[in-house]
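Work through the exercises below with the sequence and the structure open. Try each task before reading its solution.

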Amino acid sequence: MLGQAPDSLAITTRELAARLRFFSSDLFEGRYPGTRGEALTTGYLVSELQSFGLRPGAASTANGTAGWLQPVQLLVQRPDSGSPVEARLTGRISGQLAPGKEVTFANTGRSPNVSTAGELVFVGYGIDAPMYRWNDFAGINLRGKIAIMIFGEPTVEGDTLRFNGVRASRFSWLTDKVAEMDRRGAVGVLLIRPDGSFQSPFRVSRYLASDVRDDGIRFFGGLTDSALARLLPPKSGSLEKLLKAADRPGFRSLPLGVNLAVRFRTEPTLVTSHNVIGTVPGTDSSLASQHVVLSAHWDAYGIGKPVKGDSIYNGALDDGSGVTAMLALARVFAAHPQRRSLTFLFTTAEEWGLLGAHAFVCAGPVPMERVAANLNLDDGLELLGPKRDAAPLGVELSTLGQTIQQVAVKSGLRVSPDPYPAEGYFLRADNYPFARAGVPALYMALGTDAVGSSRQYVDAKVKEYLERDYHQPSDEYETVALNLEGSRQYAEFVRGVTTTVANEERAPSWLPGGEFERPRKQVATTRCAR
Ligand SMILES: [Zn+2]
């Protein structure tokens with residue numbers, strides 16, 4: 001009998017290149033949830049996990065066989081172009097807001113018809129954050145009202161003390177801000193951006209079906225700041241003054257004395273998509289019930305508007321690279337189990353608002369109190385080549401920061417701080433639903449100190465990617481996979497961190513006083529709260 005080849009547990013650039021080239025090829029049709037591209041993608045992932053010897057990680061199916069797929073029901077709201085949109089003002093001012101020009105709406109309920117009205121209240125950033133002694137809702141009742149809020153969180157230039165200084169805090173996260181106003185009884189939320197550009201609310205017109213109710217907020221939308229300026233009461237001063245006041249402590253929400261009646265129609269459709277889940281059971285009977293969850297999203301942007309004759313949005317870097325690294329790690333760990341169980345979670349609908357990860361946290365096969373940590377693989381800049389530093393996001397929040405430090409030293413890497421702190425990337429990836437449910441989590445990433453090239457080169461490449469390829473048909477293997485030695489280094493680094501977390505006696509925990517701190521025993525009861 002032949003023994004195993006001695007290097008069967010090595011992760012090679014050849015393996016990563018082969019997988020990434022295939023997984024991001026046009027054959028997968030841009031990996032869009034609910035399409036044939038999904039069936040091909042999930043079929044491929046399951047077959048790989050099976051071949052490595054993982055166990056199916058999703059809940060048992062009705063006929064008693066264990067499954068690899070967690071169904072995720074998604075509600076998609078398409079605009080009904082045939083029906084008119086109404087935004088009528090009454091009270092101190094009467095007239096209309098111009099739909100599509102001054103105001104946009106997305107339906108947040110199940111019913112195709114939205115018809116509601118309420119007084120407009122400017123709530124500043126719309127944040128209640130006791131730990132930062134900040135409450136935009138002090139003295140205001142939002143029941144039956146329509147809130148107008150600013151995107152993001154208060155910032156005063158040069159102030160490094162407010163919230164996290166430049167680093168975006170969890171209180172800036174849009175979904176949570178809307179949920180807070182839902183709890184306070186608002187019937188609608190309109191977003192403004194101080195620079196005058198409002199984002200079309202299209203991206204938030206997709207929801208996890210189980211989250212959607214018809215008795216809460218009825219719509220979410222955007223309002224231009226010039227429209228807000230003309231709605232302000234005469235004595236409240238200029239919009240500019242009001243926006244400045246919203247950045248400072250002591251800001252008070254401002255009822256505008258104007259009612260807005262909203263009426264529009266959409267076409268809601270249900271899409272069934274799937275998370276793919278495989279598990280490597282732990283070897284230590286006292287620790288095996290706990291899981292380290294590694295995650296990467298399989299979804300991309302599908303087939304869409306052609307750019308330079310190419311209509312397939314391949315998602316090679318985002319997040320084919322993370323999936324590729326995860327597959328290599330699944331192969332290695334299946335052959336080499338650890339004390340804790342390892343769960344490999346390939347999420348759907350990350351690009352729709354972290355919906356697959358949220359479904360796993362909320363209703364997945366592993367209760368959150370048994371998840372020791374989440375390591376999320378969604379970065380891709382390692383495709384530029386090897387680095388001298390690692391820069392995982394979230395290291396300042398939990399004891400995982402110490403683990404990162406240890407593993408980095410062993411791997412000959414320095415640990416760098418978040419190179420783009422104002423972007424709030426920790427909040428914008430699948431690690432976030434885990435963190436907000438109380439599970440210590442990291443956004444795994446290498447840094448920007450590249451071997452053999454300057455920081456300027458890296459910054460220029462990052463800029464080029466974000467402007468040219470990000471969420472575009474040109475995010476494909478030939479464009480982005482420049483030097484997979486960096487991907488190999490990244491996979492090895494994640495492997496080191498996973499091994500450490502999976503074997504340490506103590507599970508990771510949040511650092512006291514941090515934004516996500518929550519005693520472990522509370523995790524179970526709060527995991528689904530939005
Ligand atoms: Zn991504």
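The model is predicted: local features need pLDDT of at least 70, side-chain atom pairs count only at pLDDT 80 or more, and totals for chains, interfaces and linings use all residues. Residues are numbered from 1 along each chain as its sequence is written.

**Exercise 1.** Find the domains of the protein and describe the side of domain 1 that touches domain 2.

Solution. 
- Step 1: take the bounds, which come from an automatic or database domain assignment. Domain 1 covers 13-74 + 272-526, and domain 2 covers 77-268.
- Step 2: locate the centres. Over C-alpha atoms, those of domain 1 and domain 2 are 32 Å apart.
- Step 3: list the contacts (C-beta atoms, placed from the backbone, within 7 Å). Here 16 residues of domain 1 meet 14 residues of domain 2.
- Step 4: find the main contributor. On the domain 1 side, α7 gives the most, with four residues.

**Exercise 2.** Determine which residues of α7 are buried and what they pack against.

Solution. 
- Step 1: locate the helix, a DSSP run of H or I with at least four residues, numbered from the N terminus like the strands (E, at least two). Helix α7 spans residues 355-363.
- Step 2: apply the burial cut-off (20 or more other C-beta atoms within 10 Å of the residue's own, C-beta atoms being placed from the backbone). Seven of the nine residues pass: L355, G356, A357, H358, A359, F360 and V361.
- Step 3: list the partners. These buried residues pack against elements including β4 (69-79), β15 (254-280) and α9 (431-436).

How values were computed. A residue is buried if 20 or more other C-beta atoms lie within 10 Å of its own, exposed if 12 or fewer, and partly exposed in between; C-beta atoms are placed from the backbone. Two residues are in contact if their C-beta atoms, placed from the backbone, lie within 7 Å. Ala, Val, Leu, Ile, Met, Phe, Trp, Tyr, Cys and Pro count as nonpolar, Asp, Glu, Lys and Arg as charged, and the others, Gly among them, as polar.
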